[in-house]
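Work through the exercises below with the model open beside the text. Try each task before reading its solution.

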Amino acid sequence: MMMSNPTEQVTRQELIDRALIKAGWDLADSNQVGQEIPVDRFDPAAWAILRERLKREGWDGSTPLPSGISDYLLYRSNGQVLAVVEAKRTSVNPRIAKLQAEFYASEIEKWPNQSFQPFVFLTNGHKILFWEKGFAHEREVHGFFSRADLENRLDLRKNQTPLTQMAINTKITDRAYQIEAVRRVCEAYEQGKRRTLLVMATGTGKTR
């Protein structure tokens with residue numbers, strides 16, 4: 001939540017607003033961007049669990065626990081939520097907002113008109129992290145994505161063929177251990193990893 005020192009809030013909000021505008025979002029259009037939107041089905045008991053998880057993530061209690069209100073929601077043209085933007089103070093690591101944003105995204109997925117779990121952006125104004133829960137780990141990005149970019153990512157998420165289900169071209173590799181290596185790499189990417197390392201003997205076909 002953006003509840004902190006007023007000077008800090010203005011500085012951070014200006015940074016975030018500028019980044020959203022740069023990505024093509026019209027902050028004056030409530031059909032594109034919603035600010036401080038209450039998340040339905042707010043369960044106080046869930047925040048007792050969240051408090052303990054936040055402590056394990058490095059939360060020291062110096063900032064208040066969230067109150068069930070998202071900082072920004074980015075909408076599709078049909079009113080569905082494409083992304084949740086969770087903001088923290090410029091001095092706070094935006095990863096601390098991860099558990100909070102995860103709760104918001106999970107709850108929004110339950111909304112009557114919502115058919116998918118929205119993407120998540122975590123930011124402190126200076127750093128922006130993008131997260132596709134269940135598809136990839138959070139990673140730092142240079143800026144917010146446009147509505148078209150998020151729509152494309154959503155389309156890929158819904159329609160792409162899982163790597164683990166794709167056929168391996170045996171004209172390129174046909175040895176059992178090579179096929180096993182390819183499968184393991186595909187499984188790693190399916191689990192959200194973005195880098196893999198194959199450790200195999202010289203001449204076993206790693207480069208191929």
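The exercises that follow concern a predicted model.

**Exercise 1.** State how many helices and strands the protein has, and give their order.

Solution. Counting the elements gives 5 helices and 6 strands. Reading along the sequence, the pattern is α-β-α-β-β-α-β-β-β-α-α.

**Exercise 2.** Find what share of the residues is buried, and decide how far helix H3 is covered.

Solution. Buried here means under 20% relative accessible area. Next take helix H3, residues 98–108, where 10 of the 11 residues are buried, so that the helix is mostly covered. Among the buried residues of H3 are Leu99, Phe103, Tyr104 and Ile108.

**Exercise 3.** Describe the largest nonpolar core and name the elements that contribute two or more residues to it.

Solution. This core has 21 residues, and Leu20, Trp25, Leu74, Phe121, Phe130, Phe144 and Leu150 touch the most other members. Two or more residues come from each of helix H1 (6–22), strand E2 (69–75), strand E3 (81–87), strand E4 (119–123), strand E5 (128–132) and helix H4 (147–159). The most is given by E3, with 4 residues. Another core, of 9 residues, lies apart from this one and includes Tyr75, Val81, Tyr104 and Ile108.

**Exercise 4.** List some contacts of Phe121, leaving out residues up to four places away in sequence.

Solution. Among the residues that Phe121 touches are Leu74, Val85, Phe130, Phe144, Phe145 and Leu150.

**Exercise 5.** Classify the ring pairs Phe103 with Tyr104 and Phe121 with Phe145.

Solution. A pair of aromatic rings is described by the distance of the centres and the angle of the planes. The count of aromatic pairs in the model is 6. For Phe103 and Tyr104, the centres are 6.4 Å apart and the planes stand at 65°. Planes over 60 degrees apart count as edge-to-face, so the Phe103 and Tyr104 pair is edge-to-face. Both Phe103 and Tyr104 are buried.

For Phe121 and Phe145, the centres are 5.6 Å apart and the planes are at 85°, so this pair is edge-to-face. The pair links distant parts of the chain: Phe121 is in strand E4, and Phe145, 24 residues apart from it, is in the loop between strand E6 (136–141) and H4. Phe121 and Phe145 are both buried.

**Exercise 6.** Which residues do ring pairs link into a cluster, and which charged end sits over the ring of Phe119?

Solution. The cluster consists of Phe119, Phe121, Phe130, Phe144 and Phe145. Over the ring of Phe119 sits the charged end of Arg157, 4.4 Å from the ring centre.

Technical notes: Residues are numbered from 1 along each chain as its sequence is written. This is a predicted model: local features need pLDDT of at least 70, side-chain atom pairs count only at pLDDT 80 or more; totals for chains, interfaces and linings use all residues. Side-chain values use heavy atoms; hydrogens and water are left out. A nonpolar core is a set of buried Ala, Val, Leu, Ile, Met, Phe, Trp, Tyr and Cys residues joined through side-chain atoms within 4.5 Å. Buried means under 20% relative accessible area, exposed over 50%, partly exposed in between (1.4 Å probe, protein chains only). Contact means heavy atoms within 4.5 Å. Rings of Phe, Tyr and Trp (its six-membered ring) pair if their centres lie within 6.5 Å; planes under 30 degrees apart count as stacked, over 60 as edge-to-face and the rest as tilted. A charge sits over a ring if NZ of Lys or CZ of Arg is within 6 Å of the ring centre and within 35 degrees of the ring normal.
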